[in-house]
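Colleague: Hi! Could you walk me through this model while I have it open?
Modeller: Happy to, just ask as you go.

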Amino acid sequence: MKANGKPLIEVDRLVRKFGERSVLNDISFNVHPGDTLVIMGGSGCGKSTLLRHMIGAMKPTSGTVKLFGEEITGMKEREILRIRLRFGMLFQSGALLASLTVGENVALPLLQHTNKSVDEIEEIVEQKLQMVGLTGFEDLRPDEISGGMKKRVGLARALALDPELLFSDEPTSGLDPIMTAVVDELTMKLTRGKGMTAVVVSHDMTSAFRIATRMIMLGHGGIVAQGTPDEIRASSNPEVQQFIKGEPDGPIPLNLSQEEHEHHQHVKPRPFLGARDRFHRKTG
Amino acid sequence: MVFIGVRAAPMVALTAFSVGVTLAMQAAHSLETLGAEMYIPDLVMLTLLREMGPVLIAVIVIGRSGSAVAAEIGTMKVSEEIEALEIMAINPVQFLVVPRFIAMMVMLPALTIFGNYIGILGGWAVCRFTLDFNTAGYILRALESAETWDLYSGMIKSVVFAWITITIACNAGLTVEGGAEGVGQATTTAVVQALLAMLVMNAVLTGIFFFAA
């Protein structure tokens, strides 16, 4: 772990329960300025939930999250707003406002939070869109561009205020390999070049190993492994090896059990799932 | 945003015209037996200004714009757009609800005034072409029957209905959970709740304006 100054993000004994089921169980880690932390783990392991706690969108059952040295877990909505101006967030779907054009979406944070003139804002918007390879797309609407483009516009919007810290939820899923490399390179240019700190949730291993300076693997609500990319690659933990190599057989269970499944929020048990479970047990 | 109102105008016009015509025909039918056809304009005018105007136009706007607002905001909620706004430190209520609120508070009363005119025109059509009223007579009779208070009471109702509609619609949209299905449910809930609240409120206001005073 690099020890250059105070950590930018401090997550301390974070616990989050949905009913009886704990999705995050006693998670602690720090992120230092200039680091690119990649959080990985299988679907439904709590990656997105962890991210939501780090941006103050969800309150933990217990434990604390500090951003820029300030604890956000106990903060009122009004105070968190001040912190939110200092980081950008790229959502999995891009989360562009469908009623605004691409250019207006990128301009939105600038219009809302700065006193810049319209000309200055137009210039910044153009520059940010150029960074993500979308020059000339200003006047299109989000429903006229592809999913990958939306994501890149989302990235341009997240970077509009030149944040010190960037959170990305699956920045490269749905992008073709070349665009993935472009987005990765952009992330690295900002982190290695300009000292921005990034927290990236991803299960794209190629991309993860390319951009990460530190990695955390989540599983069963806790941290399975953490370290530098080299340490993770050399890890003797079979779960880590199974995950980074993408093997179907190994210690990570294929499906949630029926009981776990019923406790899982948002997802209602569907009748065919039991049958598929049984099928896998027989054949696997 | 203000197109909440302008695009609803043709629909409002057709409804109001039909209501005006129907009112006049019903009035003609009933009042004829008393030999009091001359009161038809009074009846059309008062009914429109006090009750039918505000209520029917509100019904149209709830069905059209109330549902649209609930569905639009609901869709934004499920597609992470609202969350994105919050993360960008933009208050979604200020950004999404306030403009719609203003649009509704302006447009519903405006549509109601417009609808009243058209309804009166419908009444006139019946009187003029089937009952041999002359135009001037109809207008004079109608104006004489109504007081400004009749207009104001209808307008007050209209403002209250606008407030009820937009509050319920936005709230339904912002509290959506669970994907497209949730959006559908929220839209239905918004329309049903807004209609019921509006009709109950109408009874209460009529009671206050014309019964208690």
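**Where the chains meet**

Modeller: To begin, 15 residues of chain A are in contact with 11 residues of chain B (contact being C-beta atoms, placed from the backbone, that lie within 7 Å).

Colleague: Which elements give two or more residues to the side of chain A that touches chain B?
Modeller: Those are α2 (77–84) and α3 (102–113) of chain A. The largest share, four residues, comes from α3(A). Helices here are DSSP runs of H or I with at least four residues, strands are runs of E with at least two, and both are numbered from the N terminus.

Colleague: And by class, what does that side of chain A have?
Modeller: The side of chain A that touches chain B has 10 nonpolar, four polar and one charged residues. Nonpolar covers Ala, Val, Leu, Ile, Met, Phe, Trp, Tyr, Cys and Pro, charged covers Asp, Glu, Lys and Arg, and the others, Gly among them, are polar.

Colleague: Before I go on, is this predicted or experimental, and how do I read the labels?
Modeller: This is a predicted model, where local features need pLDDT of at least 70 and side-chain atom pairs count only at pLDDT 80 or more, while totals for chains, interfaces and linings use all residues. Residues are numbered from 1 along each chain as its sequence is written, and chains are lettered from A and ligands numbered from 1 in the order in which they are written.

Colleague: OK, chain B. How many helices and strands?
Modeller: Chain B has eight helices and zero strands. Its C-alpha atoms fill a box of roughly 70 × 35 × 25 Å along the principal axes.

Colleague: What part of chain B is buried?
Modeller: Buried residues are 42% of the 213 in chain B. Buried means 20 or more other C-beta atoms within 10 Å of the residue's own, exposed means 12 or fewer, and partly exposed is in between, with C-beta atoms placed from the backbone.

Colleague: Back to chain A. What is the order of the four-strand sheet?
Modeller: That open sheet runs β2-β1-β4-β5 in chain A, with antiparallel pairing. Its edge strands are β2 (21–31) and β5 (70–71), each pairing on one side only. Two strands pair if DSSP finds at least two bridges between them, and β4 (residues 62–67) and β5 of chain A have two. A:Lys66 stands opposite A:Glu71 in β5(A).

Colleague: Which strands does helix α1 of chain A lie across?
Modeller: Helix α1 (residues 47–54) lies across β1 (9–18), β2 and β4 of chain A, at about 125° to β1(A). Axes are lines fitted to C-alpha atoms, for helices over the stretch in contact, and angles run from 0 to 180 degrees between N-to-C directions.

Colleague: And the six-strand sheet, what is its order?
Modeller: The order is β6-β7-β8-β3-β9-β10 in chain A, an open sheet with mixed pairing. β6 (87–90) and β10 (222–227) of chain A each have a single partner strand, so one side of each has no neighbour in the sheet. Five bridges join β7(A) to β8 (residues 197–201) of chain A, and these two run parallel.

Colleague: Last one: what is the phi of A:Phe68?
Modeller: It is near 50°, a positive value in a residue other than glycine. Most residues other than glycine have a negative phi. A:Phe68 sits in the loop between β4 and β5 of chain A and is partly exposed, with 17 other C-beta atoms within 10 Å.

Methods. Two residues are in contact if their C-beta atoms, placed from the backbone, lie within 7 Å.
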